[in-house]
Amino acid sequence: MAYYVTTPIYYVNAEPHLGHAYSTLAADILARHMRQRGEDVFFLTGTDEHGEPIETAAEREGISPQELADRNAAKFEELMPIIDATNDFFIRTSDPRPAEQVAEIMQRVYDNGWVTKGTYEGWDCPRCADFKTERELGPGQTCAIHEIPLERIREENWFFRHSAFQAQLEGLYEERPDFVVPDFRRNEAVSFIKGGLEDVSLSRPTLKWGLPLPWDPEQRMYVWFDALLNYVTALRFARPGEDLSERFWPADLHVMAKDILKFHAVIWPALCMAAGLEPPRRMTIHGYLLMGEKKMSKSLGNVLDPFEVIERFGSDALRFYLFREVSFGQDGSISTQGFEARYETELANDYGNLASRVLAMVARYRDGVVPEAQVDAVLMEDFEGAPDRLAGLIDKAELSQALEAVWTLVRRLNRYVEETAPWVLAKDEADPARLDEVLYNLVEGLRVVTLLLIPYLPATAETLLAVLGEEGRGL
Ligand code: MSP
(Lines give C-alpha, C1' and ligand atoms only; values in the text may rest on other atoms or scores of the structure.)
Protein backbone atom coordinates (compact mmCIF):
# COMPACT_ATOMS: atom_id res chain seq x y z
CA MET A 1 0.00 0.00 0.00
CA ALA A 2 1.05 3.57 -0.60
CA TYR A 3 2.32 5.56 2.35
CA TYR A 4 3.03 9.27 1.98
CA VAL A 5 4.74 11.03 4.90
CA THR A 6 5.85 14.67 5.02
CA THR A 7 7.76 17.09 7.22
CA PRO A 8 7.06 20.80 7.40
CA ILE A 9 8.96 22.70 4.77
CA TYR A 10 11.44 24.81 6.67
CA TYR A 11 12.00 28.53 6.40
CA VAL A 12 15.25 29.51 4.78
CA ASN A 13 15.78 32.72 6.74
CA ALA A 14 18.42 30.84 8.71
CA GLU A 15 20.41 27.62 8.68
CA PRO A 16 18.92 24.36 9.93
CA HIS A 17 19.12 23.58 13.63
CA LEU A 18 18.44 20.45 15.61
CA GLY A 19 14.72 21.23 15.89
CA HIS A 20 14.39 20.89 12.11
CA ALA A 21 16.43 17.70 12.14
CA TYR A 22 14.09 16.32 14.80
CA SER A 23 10.92 16.52 12.68
CA THR A 24 12.78 15.18 9.68
CA LEU A 25 14.08 12.23 11.70
CA ALA A 26 10.62 11.46 13.01
CA ALA A 27 9.34 11.29 9.44
CA ASP A 28 12.37 9.22 8.44
CA ILE A 29 11.72 6.68 11.20
CA LEU A 30 8.15 6.34 9.96
CA ALA A 31 9.25 6.07 6.33
CA ARG A 32 11.89 3.43 7.03
CA HIS A 33 9.55 1.42 9.21
CA MET A 34 6.85 1.46 6.52
CA ARG A 35 9.36 0.39 3.86
CA GLN A 36 10.31 -2.50 6.11
CA ARG A 37 6.67 -3.49 6.16
CA GLY A 38 6.75 -3.53 2.38
CA GLU A 39 4.71 -0.35 1.83
CA ASP A 40 5.18 1.86 -1.20
CA VAL A 41 6.61 4.90 0.58
CA PHE A 42 7.03 8.49 -0.53
CA PHE A 43 8.78 10.74 1.98
CA LEU A 44 8.82 14.46 1.30
CA THR A 45 10.72 17.28 2.94
CA GLY A 46 11.94 20.63 1.72
CA THR A 47 12.12 24.36 2.23
CA ASP A 48 9.59 27.18 2.41
CA GLU A 49 11.23 30.05 0.64
CA HIS A 50 8.74 32.88 0.16
CA GLY A 51 7.33 35.46 2.51
CA GLU A 52 8.18 38.13 4.96
CA PRO A 53 10.59 36.23 7.22
CA ILE A 54 12.88 35.55 4.26
CA GLU A 55 12.42 38.97 2.71
CA THR A 56 13.45 40.76 5.90
CA ALA A 57 16.32 38.40 6.68
CA ALA A 58 17.71 38.95 3.16
CA GLU A 59 17.36 42.70 3.52
CA ARG A 60 19.30 42.59 6.77
CA GLU A 61 22.11 40.75 5.03
CA GLY A 62 21.99 43.02 1.98
CA ILE A 63 21.36 40.17 -0.46
CA SER A 64 18.37 39.14 -2.55
CA PRO A 65 15.78 36.77 -1.09
CA GLN A 66 16.65 34.24 -3.80
CA GLU A 67 20.33 34.34 -2.85
CA LEU A 68 19.50 33.80 0.79
CA ALA A 69 17.08 31.02 -0.11
CA ASP A 70 19.66 29.29 -2.32
CA ARG A 71 22.29 29.45 0.36
CA ASN A 72 20.19 28.13 3.20
CA ALA A 73 18.17 25.62 1.18
CA ALA A 74 21.50 24.06 0.21
CA LYS A 75 22.29 23.65 3.93
CA PHE A 76 18.97 21.94 4.56
CA GLU A 77 19.45 19.69 1.59
CA GLU A 78 22.98 18.82 2.67
CA LEU A 79 21.74 17.90 6.11
CA MET A 80 19.52 15.08 4.83
CA PRO A 81 22.19 12.48 4.01
CA ILE A 82 24.15 13.54 7.09
CA ILE A 83 21.29 12.61 9.42
CA ASP A 84 20.59 9.57 7.20
CA ALA A 85 17.19 10.86 6.15
CA THR A 86 15.82 8.88 3.23
CA ASN A 87 13.55 11.51 1.71
CA ASP A 88 12.36 10.69 -1.78
CA PHE A 89 12.27 14.31 -2.81
CA PHE A 90 13.27 17.73 -1.55
CA ILE A 91 10.89 20.50 -2.57
CA ARG A 92 11.91 24.14 -2.77
CA THR A 93 9.01 26.53 -3.13
CA SER A 94 11.01 29.09 -5.10
CA ASP A 95 11.24 26.49 -7.86
CA PRO A 96 8.98 27.56 -10.77
CA ARG A 97 7.41 24.10 -10.99
CA PRO A 98 5.45 24.23 -7.71
CA ALA A 99 4.65 27.89 -8.43
CA GLU A 100 2.75 26.94 -11.59
CA GLN A 101 0.79 24.31 -9.71
CA VAL A 102 0.02 26.67 -6.83
CA ALA A 103 -1.36 29.23 -9.31
CA GLU A 104 -3.58 26.60 -10.86
CA ILE A 105 -4.93 25.37 -7.51
CA MET A 106 -5.48 28.84 -6.05
CA GLN A 107 -7.27 29.94 -9.22
CA ARG A 108 -9.58 26.98 -8.66
CA VAL A 109 -10.22 28.09 -5.07
CA TYR A 110 -11.09 31.54 -6.46
CA ASP A 111 -13.30 30.14 -9.23
CA ASN A 112 -15.11 27.97 -6.71
CA GLY A 113 -16.12 31.15 -4.89
CA TRP A 114 -14.02 30.75 -1.76
CA VAL A 115 -12.17 34.07 -1.98
CA THR A 116 -13.45 37.58 -1.08
CA LYS A 117 -12.00 41.03 -0.67
CA GLY A 118 -11.81 42.71 2.72
CA THR A 119 -9.80 44.75 5.19
CA TYR A 120 -7.53 43.20 7.74
CA GLU A 121 -6.82 45.05 10.90
CA GLY A 122 -4.89 43.42 13.68
CA TRP A 123 -1.60 42.05 14.91
CA ASP A 124 1.11 40.59 12.72
CA CYS A 125 4.18 38.57 13.66
CA PRO A 126 6.73 38.99 10.89
CA ARG A 127 8.70 35.97 12.12
CA CYS A 128 5.73 33.60 12.14
CA ALA A 129 4.37 35.22 8.98
CA ASP A 130 1.05 35.07 10.79
CA PHE A 131 -1.75 37.41 11.83
CA LYS A 132 -2.54 36.75 15.45
CA THR A 133 -5.99 36.63 16.96
CA GLU A 134 -6.51 38.27 20.37
CA ARG A 135 -6.45 34.88 22.10
CA GLU A 136 -3.05 34.04 20.63
CA LEU A 137 -1.24 37.15 21.92
CA GLY A 138 1.58 36.92 24.44
CA PRO A 139 1.88 39.47 27.29
CA GLY A 140 1.87 43.10 26.06
CA GLN A 141 0.96 42.30 22.43
CA THR A 142 3.94 40.07 21.83
CA CYS A 143 4.35 36.89 19.82
CA ALA A 144 4.04 33.99 22.25
CA ILE A 145 6.48 31.96 20.15
CA HIS A 146 9.17 34.48 19.24
CA GLU A 147 8.75 36.81 22.19
CA ILE A 148 8.93 39.90 19.97
CA PRO A 149 6.51 42.84 19.84
CA LEU A 150 3.78 42.43 17.22
CA GLU A 151 3.00 45.01 14.58
CA ARG A 152 -0.44 46.56 14.34
CA ILE A 153 -1.48 46.66 10.70
CA ARG A 154 -4.43 47.56 8.50
CA GLU A 155 -4.52 46.30 4.94
CA GLU A 156 -6.83 45.74 1.98
CA ASN A 157 -6.58 42.02 1.37
CA TRP A 158 -8.05 39.08 -0.38
CA PHE A 159 -9.44 36.57 2.09
CA PHE A 160 -9.89 32.84 2.00
CA ARG A 161 -13.45 32.16 3.19
CA HIS A 162 -12.35 29.88 5.96
CA SER A 163 -15.46 30.55 8.06
CA ALA A 164 -17.58 28.90 5.37
CA PHE A 165 -15.97 25.56 6.29
CA GLN A 166 -16.93 25.57 9.95
CA ALA A 167 -19.50 22.77 9.71
CA GLN A 168 -17.42 20.66 7.34
CA LEU A 169 -14.39 20.88 9.60
CA GLU A 170 -16.42 19.94 12.65
CA GLY A 171 -17.77 17.02 10.64
CA LEU A 172 -14.30 15.93 9.61
CA TYR A 173 -13.14 15.81 13.23
CA GLU A 174 -16.23 13.88 14.27
CA GLU A 175 -15.78 11.31 11.56
CA ARG A 176 -12.08 10.83 12.12
CA PRO A 177 -11.08 10.53 15.75
CA ASP A 178 -7.42 10.14 14.84
CA PHE A 179 -7.15 12.94 12.29
CA VAL A 180 -4.74 14.68 14.67
CA VAL A 181 -2.59 12.75 17.15
CA PRO A 182 -1.83 12.89 20.04
CA ASP A 183 -5.35 13.38 21.39
CA PHE A 184 -4.64 16.51 23.39
CA ARG A 185 -3.53 18.26 20.20
CA ARG A 186 -6.67 17.11 18.47
CA ASN A 187 -8.66 18.68 21.29
CA GLU A 188 -6.82 21.96 20.80
CA ALA A 189 -7.68 21.96 17.12
CA VAL A 190 -11.31 21.12 17.81
CA SER A 191 -11.64 23.85 20.40
CA PHE A 192 -10.06 26.32 18.00
CA ILE A 193 -12.64 25.38 15.39
CA LYS A 194 -15.53 25.42 17.86
CA GLY A 195 -14.38 28.89 18.98
CA GLY A 196 -15.52 30.12 15.55
CA LEU A 197 -13.46 30.41 12.39
CA GLU A 198 -12.44 33.70 10.89
CA ASP A 199 -11.60 34.22 7.25
CA VAL A 200 -7.88 34.10 6.53
CA SER A 201 -6.11 36.86 4.69
CA LEU A 202 -4.46 35.31 1.66
CA SER A 203 -2.63 38.24 0.15
CA ARG A 204 -0.05 40.70 1.30
CA PRO A 205 -0.05 44.04 -0.57
CA THR A 206 3.31 45.09 0.86
CA LEU A 207 5.13 41.84 0.20
CA LYS A 208 7.46 41.59 -2.79
CA TRP A 209 8.91 38.11 -2.26
CA GLY A 210 5.92 35.92 -2.90
CA LEU A 211 3.88 34.38 -5.68
CA PRO A 212 1.48 36.72 -7.48
CA LEU A 213 -2.23 36.00 -7.01
CA PRO A 214 -3.36 34.54 -10.33
CA TRP A 215 -6.50 36.74 -10.41
CA ASP A 216 -4.80 39.91 -9.07
CA PRO A 217 -1.09 39.78 -9.85
CA GLU A 218 -0.49 43.14 -8.11
CA GLN A 219 -0.91 41.31 -4.81
CA ARG A 220 1.40 38.63 -3.50
CA MET A 221 0.20 35.42 -1.94
CA TYR A 222 0.42 34.99 1.79
CA VAL A 223 3.26 32.48 2.18
CA TRP A 224 1.24 29.90 4.09
CA PHE A 225 -0.92 29.17 1.07
CA ASP A 226 1.96 28.30 -1.18
CA ALA A 227 3.65 26.52 1.72
CA LEU A 228 0.74 24.20 2.58
CA LEU A 229 0.16 23.38 -1.05
CA ASN A 230 3.69 21.96 -1.32
CA TYR A 231 2.37 18.64 -0.04
CA VAL A 232 0.16 18.37 -3.12
CA THR A 233 2.27 20.06 -5.78
CA ALA A 234 5.45 18.06 -5.08
CA LEU A 235 3.68 14.89 -6.20
CA ARG A 236 2.92 16.46 -9.54
CA PHE A 237 6.50 17.18 -10.57
CA ALA A 238 8.87 15.21 -8.30
CA ARG A 239 9.21 12.53 -10.97
CA PRO A 240 9.54 14.11 -14.41
CA GLY A 241 6.81 12.98 -16.77
CA GLU A 242 4.88 11.32 -13.97
CA ASP A 243 2.13 12.56 -11.68
CA LEU A 244 2.34 10.74 -8.36
CA SER A 245 -0.86 12.25 -6.96
CA GLU A 246 -3.03 9.33 -7.80
CA ARG A 247 -0.69 6.98 -6.00
CA PHE A 248 0.06 9.10 -2.94
CA TRP A 249 -2.64 11.70 -2.33
CA PRO A 250 -4.17 12.10 0.25
CA ALA A 251 -1.03 12.14 2.40
CA ASP A 252 -1.00 9.51 5.13
CA LEU A 253 0.82 11.59 7.69
CA HIS A 254 2.03 15.16 8.10
CA VAL A 255 4.68 15.46 10.86
CA MET A 256 5.25 18.78 12.61
CA ALA A 257 5.64 20.55 15.96
CA LYS A 258 2.81 22.27 17.78
CA ASP A 259 3.75 25.77 16.54
CA ILE A 260 2.07 25.14 13.20
CA LEU A 261 -0.86 23.07 14.40
CA LYS A 262 -3.45 25.71 13.50
CA PHE A 263 -2.27 25.99 9.90
CA HIS A 264 -2.32 22.25 9.37
CA ALA A 265 -5.20 21.09 11.51
CA VAL A 266 -7.60 23.98 10.92
CA ILE A 267 -6.73 25.86 7.73
CA TRP A 268 -5.22 23.13 5.56
CA PRO A 269 -8.16 20.70 5.44
CA ALA A 270 -10.47 23.61 4.58
CA LEU A 271 -8.16 24.76 1.80
CA CYS A 272 -8.14 21.24 0.40
CA MET A 273 -11.93 21.18 0.43
CA ALA A 274 -12.06 24.59 -1.25
CA ALA A 275 -9.74 23.37 -3.99
CA GLY A 276 -11.65 20.13 -4.52
CA LEU A 277 -8.82 18.06 -3.05
CA GLU A 278 -9.19 15.39 -0.44
CA PRO A 279 -7.81 16.49 2.94
CA PRO A 280 -4.80 14.58 4.28
CA ARG A 281 -5.50 11.43 6.26
CA ARG A 282 -3.69 12.27 9.47
CA MET A 283 -1.16 14.46 11.18
CA THR A 284 1.06 13.95 14.19
CA ILE A 285 2.11 16.86 16.35
CA HIS A 286 5.26 16.68 18.42
CA GLY A 287 6.61 18.97 21.11
CA TYR A 288 9.61 21.26 21.18
CA LEU A 289 13.22 20.42 21.78
CA LEU A 290 14.17 22.76 24.57
CA MET A 291 17.55 24.07 25.60
CA GLY A 292 17.15 24.65 29.31
CA GLU A 293 13.59 25.87 29.61
CA LYS A 294 13.22 27.51 26.20
CA LYS A 295 12.31 26.31 22.75
CA MET A 296 15.39 25.82 20.65
CA SER A 297 15.00 28.51 18.05
CA LYS A 298 17.26 30.64 15.93
CA SER A 299 15.51 33.82 16.99
CA LEU A 300 16.06 32.99 20.67
CA GLY A 301 19.71 32.23 19.88
CA ASN A 302 19.89 28.88 21.67
CA VAL A 303 20.30 26.37 18.89
CA LEU A 304 22.42 23.26 18.59
CA ASP A 305 23.99 22.84 15.18
CA PRO A 306 23.13 19.36 13.89
CA PHE A 307 26.27 19.24 11.76
CA GLU A 308 28.45 19.71 14.84
CA VAL A 309 26.44 17.29 16.96
CA ILE A 310 26.77 14.59 14.33
CA GLU A 311 30.44 15.18 13.88
CA ARG A 312 30.85 14.53 17.56
CA PHE A 313 28.39 11.73 18.21
CA GLY A 314 27.42 10.31 14.83
CA SER A 315 24.02 10.21 13.22
CA ASP A 316 22.72 7.05 14.90
CA ALA A 317 23.59 8.35 18.35
CA LEU A 318 21.71 11.56 17.58
CA ARG A 319 18.66 9.72 16.30
CA PHE A 320 18.66 7.42 19.28
CA TYR A 321 19.16 10.17 21.79
CA LEU A 322 16.38 12.39 20.47
CA PHE A 323 13.74 9.68 20.54
CA ARG A 324 14.84 8.23 23.89
CA GLU A 325 15.40 11.45 25.77
CA VAL A 326 12.36 13.37 24.56
CA SER A 327 9.05 11.58 24.72
CA PHE A 328 7.68 12.05 21.21
CA GLY A 329 4.68 14.37 21.45
CA GLN A 330 5.94 16.20 24.56
CA ASP A 331 8.46 19.00 25.00
CA GLY A 332 11.83 17.86 26.25
CA SER A 333 15.15 19.39 27.21
CA ILE A 334 18.29 18.22 25.52
CA SER A 335 21.94 18.86 26.24
CA THR A 336 25.31 17.58 25.10
CA GLN A 337 25.88 16.03 28.54
CA GLY A 338 22.65 14.12 28.09
CA PHE A 339 23.96 12.72 24.83
CA GLU A 340 27.04 11.35 26.47
CA ALA A 341 25.11 9.66 29.25
CA ARG A 342 22.59 7.97 26.96
CA TYR A 343 25.33 6.93 24.64
CA GLU A 344 27.32 5.26 27.39
CA THR A 345 24.57 3.57 29.35
CA GLU A 346 22.26 2.49 26.59
CA LEU A 347 23.79 2.43 23.15
CA ALA A 348 27.25 1.32 24.15
CA ASN A 349 26.39 -0.80 27.21
CA ASP A 350 22.94 -2.29 26.70
CA TYR A 351 23.14 -2.85 22.98
CA GLY A 352 26.78 -2.56 21.87
CA ASN A 353 28.06 -4.84 24.62
CA LEU A 354 25.28 -7.33 24.09
CA ALA A 355 26.19 -7.59 20.41
CA SER A 356 29.90 -7.95 21.01
CA ARG A 357 29.47 -10.49 23.82
CA VAL A 358 27.12 -12.63 21.77
CA LEU A 359 29.33 -12.57 18.70
CA ALA A 360 32.43 -13.26 20.78
CA MET A 361 30.82 -16.27 22.47
CA VAL A 362 29.72 -17.76 19.16
CA ALA A 363 33.25 -17.29 17.86
CA ARG A 364 34.85 -18.77 20.94
CA TYR A 365 32.56 -21.66 21.77
CA ARG A 366 31.29 -22.61 18.31
CA ASP A 367 33.97 -21.39 15.91
CA GLY A 368 31.73 -18.64 14.64
CA VAL A 369 29.00 -20.98 13.45
CA VAL A 370 25.56 -20.27 14.88
CA PRO A 371 24.15 -23.56 16.16
CA GLU A 372 20.72 -24.82 15.14
CA ALA A 373 18.21 -24.95 17.99
CA GLN A 374 14.70 -24.04 19.12
CA VAL A 375 13.36 -20.84 20.60
CA ASP A 376 13.75 -20.95 24.36
CA ALA A 377 10.35 -20.93 26.06
CA VAL A 378 11.46 -18.26 28.54
CA LEU A 379 12.00 -15.78 25.72
CA MET A 380 8.76 -16.58 23.93
CA GLU A 381 6.55 -14.31 25.95
CA ASP A 382 8.67 -11.22 25.29
CA PHE A 383 9.54 -11.87 21.69
CA GLU A 384 6.39 -13.41 20.29
CA GLY A 385 4.33 -10.78 18.49
CA ALA A 386 6.96 -8.07 19.14
CA PRO A 387 7.05 -6.83 15.52
CA ASP A 388 3.26 -6.43 15.53
CA ARG A 389 3.29 -4.60 18.81
CA LEU A 390 5.93 -2.27 17.44
CA ALA A 391 3.95 -1.71 14.23
CA GLY A 392 0.87 -0.88 16.30
CA LEU A 393 2.77 1.82 18.19
CA ILE A 394 4.31 3.26 15.04
CA ASP A 395 0.87 3.37 13.44
CA LYS A 396 -0.15 5.67 16.26
CA ALA A 397 3.06 7.68 15.75
CA GLU A 398 4.20 6.68 19.26
CA LEU A 399 7.84 6.83 18.26
CA SER A 400 9.36 6.91 21.75
CA GLN A 401 7.13 4.17 23.07
CA ALA A 402 7.98 2.02 20.07
CA LEU A 403 11.69 2.49 20.76
CA GLU A 404 11.12 1.69 24.43
CA ALA A 405 9.36 -1.52 23.39
CA VAL A 406 12.46 -2.61 21.45
CA TRP A 407 14.71 -1.57 24.30
CA THR A 408 12.76 -3.79 26.66
CA LEU A 409 13.80 -6.67 24.42
CA VAL A 410 17.42 -5.55 24.43
CA ARG A 411 17.34 -5.54 28.23
CA ARG A 412 15.63 -8.92 28.24
CA LEU A 413 18.47 -10.38 26.18
CA ASN A 414 21.01 -8.97 28.58
CA ARG A 415 19.20 -10.64 31.45
CA TYR A 416 19.11 -13.87 29.46
CA VAL A 417 22.88 -13.78 29.18
CA GLU A 418 23.16 -13.41 32.95
CA GLU A 419 20.54 -16.06 33.67
CA THR A 420 22.00 -18.70 31.37
CA ALA A 421 25.70 -17.86 31.94
CA PRO A 422 26.98 -19.42 28.69
CA TRP A 423 30.57 -19.27 29.99
CA VAL A 424 29.56 -21.74 32.71
CA LEU A 425 27.76 -23.96 30.20
CA ALA A 426 30.86 -23.91 28.02
CA LYS A 427 32.79 -25.58 30.78
CA ASP A 428 30.16 -28.28 31.15
CA GLU A 429 30.94 -30.69 28.35
CA ALA A 430 28.04 -32.88 29.46
CA ASP A 431 25.31 -30.67 27.96
CA PRO A 432 26.46 -29.08 24.69
CA ALA A 433 22.87 -28.90 23.44
CA ARG A 434 21.97 -26.37 26.13
CA LEU A 435 24.83 -24.12 25.10
CA ASP A 436 23.72 -24.50 21.48
CA GLU A 437 20.24 -23.47 22.48
CA VAL A 438 21.38 -20.42 24.44
CA LEU A 439 23.72 -19.20 21.71
CA TYR A 440 21.08 -19.72 19.04
CA ASN A 441 18.56 -17.74 21.07
CA LEU A 442 20.98 -14.92 21.70
CA VAL A 443 21.88 -14.57 18.04
CA GLU A 444 18.27 -14.82 16.98
CA GLY A 445 17.22 -12.29 19.62
CA LEU A 446 19.96 -9.94 18.54
CA ARG A 447 18.90 -10.32 14.91
CA VAL A 448 15.27 -9.54 15.75
CA VAL A 449 16.00 -6.46 17.85
CA THR A 450 18.41 -5.20 15.22
CA LEU A 451 15.81 -5.53 12.49
CA LEU A 452 13.36 -3.63 14.66
CA LEU A 453 15.97 -0.95 15.32
CA ILE A 454 16.67 -0.24 11.64
CA PRO A 455 14.46 2.86 11.53
CA TYR A 456 16.16 4.33 14.60
CA LEU A 457 19.75 3.17 14.15
CA PRO A 458 20.08 2.55 10.41
CA ALA A 459 23.87 2.62 10.16
CA THR A 460 24.55 0.47 13.23
CA ALA A 461 21.82 -1.98 12.28
CA GLU A 462 23.17 -2.36 8.78
CA THR A 463 26.67 -3.14 10.02
CA LEU A 464 25.47 -5.66 12.55
CA LEU A 465 23.03 -7.33 10.18
CA ALA A 466 25.84 -7.78 7.69
CA VAL A 467 27.81 -9.63 10.38
CA LEU A 468 24.73 -11.72 11.09
CA GLY A 469 24.46 -12.57 7.41
CA GLU A 470 21.51 -10.34 6.61
CA GLU A 471 22.97 -7.88 4.14
CA GLY A 472 20.91 -5.33 2.27
CA ARG A 473 18.24 -4.89 4.91
CA GLY A 474 19.12 -1.26 5.73
CA LEU A 475 15.94 0.26 4.36
N1 MSP B 1 7.68 27.21 6.89
C2 MSP B 1 6.85 26.87 7.96
C3 MSP B 1 6.22 25.49 7.77
C4 MSP B 1 5.41 25.33 6.51
S5 MSP B 1 4.81 23.71 6.34
C6 MSP B 1 3.71 23.80 5.12
C7 MSP B 1 7.64 26.85 9.24
N8 MSP B 1 8.97 26.70 9.12
S9 MSP B 1 9.99 26.61 10.34
O10 MSP B 1 11.31 26.62 9.73
O11 MSP B 1 9.72 27.57 11.34
O12 MSP B 1 9.82 25.16 10.90
C13 MSP B 1 8.91 24.88 11.92
C14 MSP B 1 9.00 23.41 12.22
O15 MSP B 1 10.37 23.05 12.46
C16 MSP B 1 8.27 22.97 13.46
O17 MSP B 1 6.90 22.71 13.25
C18 MSP B 1 9.02 21.70 13.77
O19 MSP B 1 8.62 20.70 12.88
C20 MSP B 1 10.45 22.11 13.50
N21 MSP B 1 11.07 22.75 14.65
C22 MSP B 1 11.65 23.98 14.70
N23 MSP B 1 12.17 24.18 15.93
C24 MSP B 1 11.91 23.11 16.71
C25 MSP B 1 12.18 22.77 18.05
N26 MSP B 1 12.86 23.55 18.86
N27 MSP B 1 11.71 21.59 18.49
C28 MSP B 1 11.00 20.72 17.71
N29 MSP B 1 10.73 21.02 16.45
C30 MSP B 1 11.19 22.19 15.91
O31 MSP B 1 7.04 26.94 10.30
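This report walks through selected features of a predicted model.

## Basis of the model

The model is predicted, so local features need pLDDT of at least 70 and side-chain atom pairs count only at pLDDT 80 or more, while totals for chains, interfaces and linings use all residues. Residues are numbered from 1 along each chain as its sequence is written, and side-chain values use heavy atoms, with hydrogens and water left out.

## The open sheet

Six strands form an open sheet in the order 3-2-1-14-15-9, with parallel pairing. Strands are DSSP runs of E with at least two residues, and helices are runs of H or I with at least four, both numbered from the N terminus. Two strands pair if DSSP finds at least two bridges between them. Strand 3 (89-92) and strand 9 (180-181) stand at the edges. Each has a single partner strand, so one side of each has no neighbour in the sheet.

Strand 9 runs parallel to strand 15 (residues 283-286), and two bridges join them. Valine 181 has threonine 284 of strand 15 as its bridge partner. Helix 10 (residues 261-274) lies across strand 9, strand 14 (253-257) and strand 15. Its direction is at about 145° to strand 14. Axes are lines fitted to C-alpha atoms, for helices over the stretch in contact, and angles run from 0 to 180 degrees between N-to-C directions.

## Two cis peptide bonds

Valine 181 also takes part in a cis peptide bond, to proline 182, with omega about -5°. Proline 182 lies in the loop between strand 9 and helix 6 (183-194).

Another cis bond runs from tryptophan 249 to proline 250, with omega near 0°. Proline 250 sits in the loop between helix 9 (245-248) and strand 14. Most peptide bonds are trans.

## Positive phi in two loops

Most residues other than glycine have a negative phi. Glutamine 141 has a positive phi, near 55°. Its loop lies between strand 6 (137-138) and strand 7 (142-143). Glutamine 141 is partly exposed, at 35% relative accessibility. Buried means under 20% relative accessible area, exposed over 50%, and partly exposed in between (1.4 Å probe, protein chains only).

Aspartate 367 has a positive phi too, of about 50°. It is in the loop between helix 13 (336-366) and helix 14 (377-383). Aspartate 367 counts as exposed because its relative accessible area is 70%.

## A buried glutamine

Glutamine 219 belongs to strand 13 (residues 216-221). It counts as buried because its relative accessibility is 9%. Beyond its neighbours within four places in sequence, glutamine 219 is in contact (heavy atoms within 4.5 Å) with residues including Glu156, Trp158, Arg204 and Leu213.

## Helix packing and cores

Helix 11 (residues 306-313) packs against helix 12 (residues 315-325) at about 110°, with axes 7 Å apart. The two are therefore roughly perpendicular, a label for angles of 65 to 115 degrees. Val309, Ile310 and Phe313 of helix 11 meet Ser315, Ala317 and Leu318 of helix 12. Five of these residues are nonpolar, one is polar and none is charged.

The largest nonpolar core has 79 residues, and Phe323 and Tyr351 touch the most other members. A nonpolar core is a set of buried Ala, Val, Leu, Ile, Met, Phe, Trp, Tyr and Cys residues joined through side-chain atoms within 4.5 Å. Leaving aside neighbours within four places in sequence, the contacts of phenylalanine 323 include Tyr22, Leu25, Phe328 and Tyr456. A second, separate core holds 75 residues, among them Ala57, Phe165, Trp224 and Phe263.

Conventions: Angles under 35 degrees count as roughly parallel, over 145 as roughly antiparallel, 65 to 115 as roughly perpendicular and the rest as oblique. Ala, Val, Leu, Ile, Met, Phe, Trp, Tyr, Cys and Pro count as nonpolar, Asp, Glu, Lys and Arg as charged, and the others, Gly among them, as polar.
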